[in-house]
Amino acid sequence: MHVGPVQPAEVVIGVDVRTGLQSDDGAEALGMLQRQMQGDASADGAADGHRLHQFQCVRHPQDHVEVVARTELVVGVLPAGGTFFVFLDYMRPPVRLAALSSAKVVFVFTHDSVGVGEDGPTHQPIEHLATLRAIPDLQVIRPADANETVEAWKVAVNHQGPTALVLSRQNLNVCTDGSAVARGAGIVVDNANPAVVLLATGSEVSLCVDAATELAAAGVAARVVSLPSWDRFEAQDAAFRRSVLPAGVPVLSVEAASTFGWQRWADDCIGIDRFGASAPGGTVLDRLGINVANVVARATALSSGKA
C-alpha cells in the first residue's frame, strides 16, 4: 500500500503539541485514508485489504510487541504497538527480529527523554536512541514536532520494513513544515553564510531555533537543521548531505540522550551521558545542559574555534 498526501488537522507553526499525541492524529488520518481506499468511509477498519492496526501497551511490552511483529508476518496487516521508550529494554529481541525479518511494523515509543520528569532515572531513556540506531535495517525517526510526526507516519507506512517512531511526553513548539522527514534531514533556520550549524532531533530542534535567535542577536549566524532520521539522511547522495551540512562549517549536535555516535555528523556534541534525575521534566533538562544558554555558549565557542 502506498500512501499519498494525508492531511490530518493542520498544525500551525508556533503552537505547542506533544508528538506522542500528534502520532494518534497521524495514525487516525491514515486509517481514514485506508477506509476511503476500501470504499467504505464509515467502516471500522475490518474490511478486507491491507489494514492499519494500532494498540497501546505498557504492561509486559515485550509480549505485546512480539505479537505485533508476528502479526505482520502471518496475517498481512500493518500493526503498530506503543509503549514508553525506556521499555525498549524489554523489547529488543522482537524489535531486532522484526528488522532481521523485514517485517513491516511500526513501533511507537513515547516519553523519549529525561523530559519524562518525576518518574526519575528508571523511566528516563538515555542510551536507548543509540541502541535503536545500531540495529541494522530498522528505520528510526525522532520527529521535532507535530508536523514531522505526521510525515513520519506517512514514511513508516510506505517503508518496506520496520520503523521506530520516538516521540515526546511534553508539548513541543511546532517549528518545522515536516519536510525534513522524507530525506532524513532538512534546514529549519538558515543564513546565507552560517558560522555554525545547530543539528538536532526531536524536542531539541525548537530549542535550537530559540538559540539561533539569540546567536543572531550576538552577531553569530547559525543554521538550524532537523535530523529526524539518521538512516534516511545517510541514504541520500553526498551532494544533498553537503547541502545540509556544508563543508567547512562547524556542527554542534544537540540531543537529550547519549552523545554516542554523534561524532559522525558533529564537531561538538551536547547530550546526556549520565542517568537522569527525579524532578519536573523542564528542570531536569535545564540542569543537564539541554537549554538555550548552553547551546548559545557552545555554538559561540565552536564558531570562533575555541571549542
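## Strand β6 and its partners

Valine 106 stands opposite threonine 163 of strand β6. The strand that pairs with β6 here is β4 (residues 106–110); the two run parallel and are joined by 4 bridges. Two strands count as paired if DSSP finds at least two bridges between them. Strands (E, at least two residues) and helices (H or I, at least four) are DSSP runs numbered from the N terminus.

Threonine 163 is also the bridge partner of glutamine 139. Strand β5 (residues 139–141) pairs with β6 in the parallel sense, over 3 bridges. Together with helix α5 (residues 146–158), β5 and β6 make a right-handed β-α-β unit. Right-handed means that, with the strands pointing away from the viewer, the path from the first strand over the helix to the second runs clockwise. Within β6 (residues 163–166), Thr163 and Leu165 point one way, Ala164 and Val166 point the other way, and all are buried. Buried is under 20% relative accessible area, exposed is over 50%, and partly exposed lies in between (1.4 Å probe, protein chains only).

## Basis of the model

This is a predicted model, in which local features need pLDDT of at least 70 and side-chain atom pairs count only at pLDDT 80 or more, while totals for chains, interfaces and linings use all residues. Residues are numbered from 1 along each chain as its sequence is written, and side-chain values use heavy atoms, with hydrogens and water left out.

## Aromatic pairs

Rings of Phe, Tyr and Trp (its six-membered ring) pair if their centres lie within 6.5 Å; planes under 30 degrees apart are stacked, over 60 edge-to-face, and the rest tilted. The count comes to 7 aromatic pairs. Phenylalanine 87 and tyrosine 90 form a tilted pair, because their ring centres are 5.7 Å apart and their planes stand at 55 degrees. Phenylalanine 87 is buried at 15% relative accessibility, whereas tyrosine 90 is partly exposed at 48%.

Tryptophan 230 and tryptophan 265 pair edge-to-face, with 6.4 Å between centres and 80 degrees between planes. Tryptophan 230 lies in helix α8 (residues 230–234) and tryptophan 265 in the loop between β11 (251–254) and β12 (268–270), so the pair ties together parts 35 residues apart in sequence.

## Cluster and charges

One aromatic cluster is formed by Trp230, Phe233, Phe240, Trp262 and Trp265. The charged end of arginine 133 sits over the ring of tryptophan 230, 4.1 Å from its centre. Arginine 183 places its charged end over the ring of phenylalanine 240, 3.8 Å from the centre. A charge sits over a ring if NZ of Lys or CZ of Arg is within 6 Å of the ring centre and within 35 degrees of the ring normal.
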